[in-house]
Amino acid sequence: MKSKIILSAILLFFSFTCLTAQNEELTKAHNLYKKADYQGAAQVYEDIVTRYGVAPELYYNIGNAYYKAGEVGRSILNYERALRLSPNYEDAKVNLELAQTKIVDNIVQIPPFFIQRWIDSLIKLLDVDLWYTISVVVFVFTMLCFLYFIFGNNLIIRRFAFYGAFILLILTFVTGAFGLIRRNELQNHNQAIIMTGTVVIKSSPDKSGTDLFQLHEGTKVNIKSKLDEWTEIVVGNGNIGWLESKTIEKI
Amino acid sequence: MKIKIVLLNVFLLLTVLARADEPVRFTASAPSTVILDRPFQLVYTVNATGKDMRTSDFNNFEVLAGPFESRSSSYQIVNGKTSSSVSVSYTYTLQATKTGTFTIPSASIVVDGKKYNSNGLSIKVLPADDNATSKSGKEESRSAAGQGISGENVFIKAQVSKTSVYEQEPLLVTYKLYTLLDVVQCTNRKMPDFKGFMKNEIELSQNKQFSYENFNGKNYGTVVLYQVLLYPQQAGELKIDKAVFDAVIRVENRQQVRSIFDDFFDSYTNVQKAITANGAVVSVKPLPGNKPANFNGTVGNLSLTSSLSTENVKANDAVTLKVVISGSGNMKMIQNPDIKFPDGFEVYDPKVNNNFKTSTNGISGTKIIEYMFIPRHGGDFQIPSAEISYFDIKDRAYKTLRTPVYNLKVAKGTGENATSVVSSGYVAKEDLKKLGNDIRFIVTDKLELQKEVDPFFGSPLSWLGYLIPLIISIVLFLVFRKNVVESSNLDFVRNKKANKAAQKRLKLAAKLLNEGKKDLFYEEVMKAVWNYLSDKLTIPVASLTKENVSTELESRSVEKEMIAAFIDILNTCEYARFAPNSGQQEMGNLYEMSIDTISKLENTMRKV
């Protein structure tokens with residue numbers, strides 16, 4: 001019993017010291033940023049990511065530091081990372097928009113159909129596990145309605161229960177699907193940002209391939225497939241080509 | 001006659017006045033380089049009539065002749081104004097006795113009772129030619145002509161002042177003609193394109209003077225043909241290509257048969273020769289990497305001063321901020337410093353006045369930038385400092401110059417008041433002006449950091465969230481169904497059984513009806529009805545009477561007609577058994593009636 005208390009006390013102490021160290025690092029980075037040493041601040045923030053973990057705000061700060069240091073590609077990458085974790089992060093959206101004005105490529109994105117856009121923003125409204133919880137709760141209600149329909153006494157309520165069970169079952173599937181889509185977005189690192197000044201997109205995963213087009217730092221691409229050192233990408237306007245994997249960084 | 005004298009007097013007076021304008025100048029002149037044991041002339045010139053010209057001792061020089069005094073005077077009438085000038089020169093012919101650099105101290109002269117001193121001179125004495133044993137100038141030139149036009153006698157050297165410079169650091173390239181011959185003319189035919197440099201030619205004086213220079217033991221006559229300042233625009237090894245000049249050389253005709261006139265009239269021909277000057281390579285160092293943000297390539301040595309025309313001003317009055325950048329370097333690269341004037345100031349394009357001089361040391365001078373602005377509203381404002389950055393060549397470091405921050409107090413202007421009075425408190429509304437665009441600031445709150453974890457949904461365990469309710473509901477379903485079977489009461493079962501039994505009975509009756517067995521039929525119908533009622537009302541058959549059946553049924557709120565129908569059926573059956581003349585028709589009716597009544601009762605009972 002006594003040893004347990006001591007053990008928990010030690011654990012608490014360790015977690016506490018860890019937390020203070022982390023906070024110290026964060027304040028150090030904040031101060032560097034305030035003193036306009038943006039490169040240094042970005043370095044410390046990156047260090048925190050590898051040592052302690054991530055948060056949307058942290059990625060946002062890194063993005064800011066890189067933006068101020070003039071590294072547009074890296075700043076866009078980090079804003080996108082912040083938005084991947086928290087899609088409705090207003091500040092990150094605003095800053096990303098500003099950073100995107102500084103990139104060279106002007107790829108006209110085919111805007112999605114408005115219903116798809118609505119659904120997309122609806123999906124982004126909630127977390128994966130929140131969607132999951134809703135889905136399970138709705139499913140439980142579906143089952144309750146179903147049981148009432150079978151064993152209930154009152155004819156009118158039974159009729160309601162019957163239709164209700166149907167609607168709730170559909171809702172269960174929809175919310176579940178939303179959760180799965182959101183999870184896919186969160187986990188699938190199939191988007192990347194171009195990191196080097198200019199990249200020539202080849203027709204094949206080979207240096208001797210035909211040059212198709214050129215992309216510049218900061219442009220977002222979708223990863224289609226990979227082969228050795230090469231990655232096949234799709235650009236917003238539908239162009240497909242290969243580039244060397246080292247020239248991009250996944251979001 | 002009288003008028004003439006007056007005119008003459010006026011005329012004389014004018015000349016006197018004009019003379020009095022000009023200050024007295026007393027100058028000494030001599031070639032800057034001379035050759036040992038070769039005579040040269042030293043001339044003192046004064047632009048007035050003087051007396052008592054005294055020179056100090058010419059140490060290291062031997063006076064061969066002089067001083068010879070010569071006088072020249074001129075009158076000039078320009079636009080009715082007359083000016084006269086007198087020039088008196090004293091010429092000495094000297095000869096150096098030693099090699100080295102010597103000074104000739106200043107001489108003095110008295111003009112109108114005042115003593116004037118001449119400038120001192122520095123003369124470099126070169127050793128005599130190696131091969132030549134002190135010949136006179138003319139002999140020397142002849143012997144040189146005899147040697148022919150070789151590259152040794154005439155050549156052009158390109159001299160580069162520095163071979164290792166920073167980017168934008170000026171270097172001077174001088175093309176100098178060295179000749180032992182009589183070069184009449186020299187023009188540049190093809191100059192290098194100075195690739196990688198920005199060039200700035202230096203204007204040379206029109207009348208070029210030969211000076212002597214000892215080179216490889218010979219005294220060459222030298223003259224600078226072309227000088228250019230170069231500003232390297234890129235780092236690396238930059239090459240200056242070879243240049244080609246066209247020289248016209250006067251050569252004495254050497255005729256086999258010498259006529260008598262040869263001695264009196266030398267005959268010469270002009271020979272054209274292309275002379276190629278050497279090229280050069282300059283290594284250019286890049287500027288250090290830690291460039292300030294507003295550095296735009298200015299290299300040199302600068303200073304910055306600024307002044308504000310006034311620090312207290314009324315609104316709508318113009319204020320001028322003057323920024324003066326002076327120094328040397330590639331001044332042309334300097335851009336107007338960007339000053340962010342407070343918002344609400346009307347700022348005009350700055351007026352720039354460049355005053356640059358190009359010399360062999362580079363461009364130097366001043367750049368005056370005047371910013372004019374008009375504050376439109378009253379208040380205390382700060383004019384931020386203007387900044388320029390440059391690379392200091394001497395210190396090899398970037399430097400940033402700043403003007404001070406000026407505080408400007410703007411009082412309410414008269415115009416502003418007047419309008420507010422006239423339009424009774426009307427204030428011109430201004431939209432919220434967006435002054436700049438910048439990213440939002442970082443989040444400095446405490447952050448909850450966590451390693452990126454996969455969401456729970458999607459893991460195998462998460463599917464239990466659906467599976468568990470499903471299983472529970474299936475179990476519930478099964479349990480409920482069993483319960484229903486168990487709890488459905490015996491009455492209900494018997495009710496159903498009763499119905500079935502009645503129908504069975506009635507089926508038998510129907511069979512008997514078809515066979516025409518009258519007695520058995522009625523008995524069967526009666527039994528069926530009795531048994532049905534007994535089961536339905538849970539009363540044993542033995543204790544059933546018509547009375548208690550009707551009361552029982554009434555208590556269960558069965559309609560009276562139906563009770564009557566039952567009683568009727570029972571009565572009919574009792575009578576028919578003993579009544580002989582009941583036909584097939586009646587039996588059929590009874591059968592129908594009993595089935596109808598039982599099913600009706602069944603319905604009403606179930607509803608209850």
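Good morning. The term pLDDT denotes the predictor's confidence in each residue, on a scale from 0 to 100. In chain A the mean pLDDT is 84, and 93% of the residues reach 70 or more. Confidence in chain A is lowest in H1(A), with a mean of 71, and highest in H7(A), with 89. The labels H and E stand for helices (DSSP runs of H or I, at least four residues) and strands (DSSP runs of E, at least two), numbered from the N terminus.

A word on conventions. This is a predicted model, in which local features need pLDDT of at least 70 and side-chain atom pairs count only at pLDDT 80 or more, while totals for chains, interfaces and linings use all residues. Residues are numbered from 1 along each chain as its sequence is written, and chains are lettered from A and ligands numbered from 1 in the order in which they are written.

Let me begin with chain A as a whole. Its secondary structure comes to eight helices and seven strands. Of its 251 residues, 31% are buried; a residue is called buried if 20 or more other C-beta atoms lie within 10 Å of its own, exposed if 12 or fewer, and partly exposed in between, with C-beta atoms placed from the backbone. Two residues are in contact if their C-beta atoms, placed in that way, lie within 7 Å. Among the contacts in chain A with a separation of 6 or more, 54% are between residues 24 or more positions apart.

Helix H4 of chain A covers residues 72–85, 14 residues in total. From its first C-alpha to its last it reaches 20 Å, close to the 20 Å expected at 1.5 Å a residue; the expected span is 1.5 Å times one less than the number of residues. Is H4(A) enclosed or open? Because 13 of its 14 residues are buried, H4(A) is largely enclosed by the rest of the structure.

With 25 other C-beta atoms within 10 Å, A:Leu215 is buried. Which residues does A:Leu215 contact, leaving aside its neighbours within four places in sequence? They are A:Asp105, A:Ile194, A:Val199 and A:Ile201. A:Val104 stands 111 residues from A:Leu215 in sequence, and the two are 8.2 Å apart in space, C-alpha to C-alpha.

Strands E5 (residues 230–235) and E6 (residues 240–244) of chain A run antiparallel and are joined by five bridges; strands count as paired if DSSP finds at least two bridges between them. A:Thr231 has A:Leu243 as its bridge partner in E6(A). Four residues lie between the strands of this hairpin, and A:Gly238 takes a positive phi near 100 degrees.

I turn now to chain B and its sheets. Four of its strands form an open antiparallel sheet in the order E1-E3-E6-E5. Strand E1 (26–29) and strand E5 (61–78) of chain B are the edge strands, each pairing on one side only. Neighbouring strands of this sheet are turned by 15 degrees against each other on average, direction ignored. Strand E3 (residues 39–46) and strand E6 (residues 81–96) of chain B are joined by eight bridges and run antiparallel. Within that pair, B:Val43 stands opposite B:Thr91.

A further open sheet in chain B has three strands, in the order E4-E8-E9, with antiparallel pairing. Two bridges join E4(B) to strand E8 (residues 108–111), and B:Lys51 has B:Val110 as its bridge partner.

Two residues of chain B have a positive phi without being glycine. B:Asp112, with a phi of about 50 degrees, is found in the loop between E8 and E9 of chain B. B:Gln168, with a phi near 70 degrees, is in the loop between strand E12 (164–166) and strand E13 (171–179) of chain B.

Finally, the interface. Here 35 residues of chain A are in contact with 27 residues of chain B. On the side of chain A that touches chain B, H7(A) gives the most, with eleven residues.

Thank you for your attention.

Technical notes:
Axes fitted to C-alpha atoms, helices over the stretch in contact; angles between N-to-C directions.
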